[in-house]
Amino acid sequence: MVAQGEGNGRHSKNLPHSKVAERGAAVVDFVLIGALLTLLFLAIVQLTLVLHVRNTLIDAAASGARYGTLADRNDGDARDRTVQLITAALNTDFARDVATSESTYQGIPTLEVTVRAPLPVIGFIGPRALLEVKGHAAIQR
């Protein structure tokens, strides 16, 4: 007869019941936590991509509006410049819907460039015309 506490600990009959029930739990914990952390990391990367696309579109619209208000330029030049900047920074899908219009802001005539682009949900793929940004510049003519 083996006294309690003796033995080499290799047999499950010598281990307490709670230790037998927890065998392999570390592997399951690792997989669950690893999957959760991976999902969290990918969500942060996607949010960063959405913010990058939004900021790039805002900058392109504002730059295009400023370009279009120069003395020897017009609203067509503003649209072309905005499309050129978006295409260089992102891709042509984001530059498909660019519009210009003249408006008044606090009594000052301004050129407004509006860009409607897809909202990147999975990578650069997403629903069309969900993201709308505008850029303004005072007309200097």
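1. At 5% relative accessibility, Thr-114 counts as buried. Buried means under 20% relative accessible area, exposed means over 50%, and partly exposed is in between (1.4 Å probe, protein chains only). Thr-114 lies in strand β2. Strands (E, at least two residues) and helices (H or I, at least four) are DSSP runs, numbered from the N terminus.

2. The basis comes next. This is a predicted model, where local features need pLDDT of at least 70 and side-chain atom pairs count only at pLDDT 80 or more, while totals for chains, interfaces and linings use all residues. Residues are numbered from 1 along each chain as its sequence is written, and side-chain values use heavy atoms, with hydrogens and water left out.

3. What does Thr-114 touch, leaving aside its neighbours within four places in sequence? Its contacts are Asp-97, Val-98, Ala-99, Glu-132, Val-133 and Lys-134. Contact here means heavy atoms within 4.5 Å.

4. Charged side chains come next. Side chains of opposite charge can pair when their charged atoms come close. The whole structure holds five salt bridges. The cut-off is a side-chain nitrogen of Lys or Arg within 4 Å of a carboxyl oxygen of Asp or Glu.

5. Asp-97 is in strand β1 and Arg-116 in strand β2, so the pair ties together parts 19 residues apart in sequence. Asp-97 is partly exposed, at 30% relative accessible area. Arg-116 is partly exposed too, at 29%.

6. Arg-116 also meets Glu-132 in a salt bridge (3.2 Å, N to O). This pair links distant parts of the chain: Glu-132 is in strand β3 and Arg-116 in strand β2, 16 residues apart. Glu-132 is partly exposed, with a relative accessible area of 42%.

7. Glu-132 forms a salt bridge with Lys-134 as well, where the closest N and O atoms are 3.9 Å apart. Lys-134 is partly exposed, at 40% relative accessible area.

8. How many aromatic pairs does the structure hold? There is one. The ring centres of Phe-94 and Phe-124 are 6.0 Å apart and the planes stand at 75°, so the pair is edge-to-face. Phe-94 is in the loop between α3 (75-89) and β1 (97-105), Phe-124 in the loop between β2 (108-117) and β3 (131-138), and the two are 30 residues apart. Rings of Phe, Tyr and Trp (its six-membered ring) pair if their centres lie within 6.5 Å; planes under 30 degrees apart count as stacked, over 60 as edge-to-face and the rest as tilted.

9. Are the two Phe residues buried or partly exposed? Phe-94 counts as buried, at 1% relative accessibility. Phe-124 counts as partly exposed, at 44%.

10. Arg-81 has its charged end over the ring of Tyr-67, 5.4 Å from the ring centre. The test asks for NZ of Lys or CZ of Arg within 6 Å of the ring centre and within 35 degrees of the ring normal.

11. Ile-33 is found in helix α2 (residues 25-68). At 48% relative accessibility, Ile-33 is partly exposed.
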